[in-house]
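Here is a short tour of a protein chain for you to follow on screen. Have a look at the sequence and the fold, and then read on.

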Amino acid sequence: MASVQIRDVRKSFGAVSIIKGVDVEIREGEFVILVGPSGCGKSTLLRMIAGLEHITSGDILIGDRVVNNVPPKERDIAMVFQNYALYPHMKVADNMAFSLKLRKAPQSEIDQRVKRAAEILSLTPLLDRYPRQLSGGQRQRVAMGRAIVRDPQVFLFDEPLSNLDAKLRVQMRTEIKELHQRLKTTTVYVTHDQIEAMTMADKIVVMHDGIVEQVGAPLELYDRPANLFVAGFIGSPAMNMLKGKIKAGNPATFVANDGTTLPLAMVPAGSDGRPAVFGIRPEHVRLDPNGQPAKVVVTEPTGAETHVVVHFAGQEMTCVFRERIAARPGDTLTISVDPSITHLFDAESGLRL
């Protein structure tokens with residue numbers, strides 16, 4: 001395995017700038033996920049690590065070697081694509097062995113590596129089947145097996161679960177994480193699904209419009225988002241954002257645009273009257289008989305939880321309750337928030353206060 005260093009990397013297609021100066025350090029054995037909305041540049045960055053896209057400026061290092069001009073086959077990486085990219089006329093064993101045959105590896109080594117990968121991924125009974133005889137999840141495991149047999153320094157995954165149904169995605173998330181824990185190979189994984197990022201990564205890189213918004217451990221990003229974009233992107237349902245201003249005092253409060261007053265644990269010095277955005281996670285809203293009124297708009301029972309959209313502080317807000325709520329649209333609930341687990345952002349810059 002090897003570290004990966006991305007140093008002030010930029011990518012432009014003509015006059016259009018796609019990657020705008022990205023710096024990321026990935027340690028040996030780390031599982032790092034690049035996450036962000038479509039068009040943020042995450043797949044382009046992954047393809048530059050793989051050598052499938054040229055770098056406009058900056059450096060990418062794998063280990064201690066700058067690989068800007070190194071061909072993909074000489075980078076000692078293995079990539080798993082979204083569409084599996086299996087050879088339909090080859091059986092599973094031949095698909096997995098193909099890269100080793102191109103290297104002219106001894107047949108005994110090929111057989112040994114294919115057998116080991118098949119055992120790791122529970123593919124042994126499927127080695128004599130063709131891709132058309134496999135389910136989507138089995139095909140994805142074969143694609144992973146083809147990467148494993150190469151024994152690379154770095155694994156690259158480009159949205160590998162996008163084509164799978166919801167139940168299979170959950171299963172494959174677990175399998176990929178177990179695989180990393182077993183092999184300890186440095187892994188860079190791209191997804192637009194923040195649930196995948198939260199559940200699988202050692203470290204998350206949140207990208208937006210070609211730049212890195214924040215880098216950190218999953219719960220670090222969840223508990224202390226650096227700005228409004230990260231706060232709104234990480235977490236499902238998304239964080240509620242209320243616009244208003246800070247009112248200093250003892251205690252300090254946040255006054256929403258409609259006059260609703262909410263408690264604050266602390267505020268920056270000299271911030272009285274400062275326009276701000278008050279953030280509260282849906283699961284941190286609680287039912288409180290002494291709380292403030294919120295009019296129910298929609299209820300969405302999911303079984304373990306009930307999602308309730310309410311009209312509060314002049315806008316719609318999502319609440320997640322573990323209790324069974326028998327509320328109907330038009331009913332009024334009384335809710336409150338704990339100021340110690342709320343978030344406050346500057347209205348102009350979007351940065352965390």
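Is cysteine 319 buried or exposed? In this predicted model, cysteine 319 is buried because its relative accessible area is 0%, below the 20% cut-off for that class.

Two other residues can be set beside it.

| Residue | Relative accessibility | Class |
|---|---|---|
| Cysteine 319 | 0% | buried |
| Cysteine 40 | 1% | buried |
| Leucine 123 | 0% | buried |

While we are on cysteines, a search of the whole structure turns up zero disulfides.

Leucine 123 is worth a stop of its own. You will find leucine 123 in the loop that links helix H3 (107-120) with helix H4 (136-148). Leaving aside residues up to four places away in sequence, leucine 123 touches Met96, Ala118, Gln138, Arg141 and Val142. Lysine 73 sits 50 residues from leucine 123 along the chain, and their C-alpha atoms are 26 Å apart.

Now for the chain as a whole. Eight helices and 19 strands make up its secondary structure, and the C-alpha trace spans about 75 × 45 × 35 Å along the principal axes. Of the 353 residues, 48% count as buried. Among contacts with a separation of 6 or more, 66% come from residues 24 or more positions apart.

Key
Residues numbered from 1 in each chain as written. Predicted model: local features only at pLDDT ≥ 70, side-chain atom pairs only at ≥ 80, totals over all residues. Heavy atoms only, no water. Helix = DSSP H or I, 4+ residues; strand = E, 2+ residues; numbered from the N terminus. Buried < 20%, exposed > 50% of the residue type's maximum accessible area, 1.4 Å probe, protein only. Contact = heavy atoms within 4.5 Å. Disulfide = S-S within 2.5 Å.
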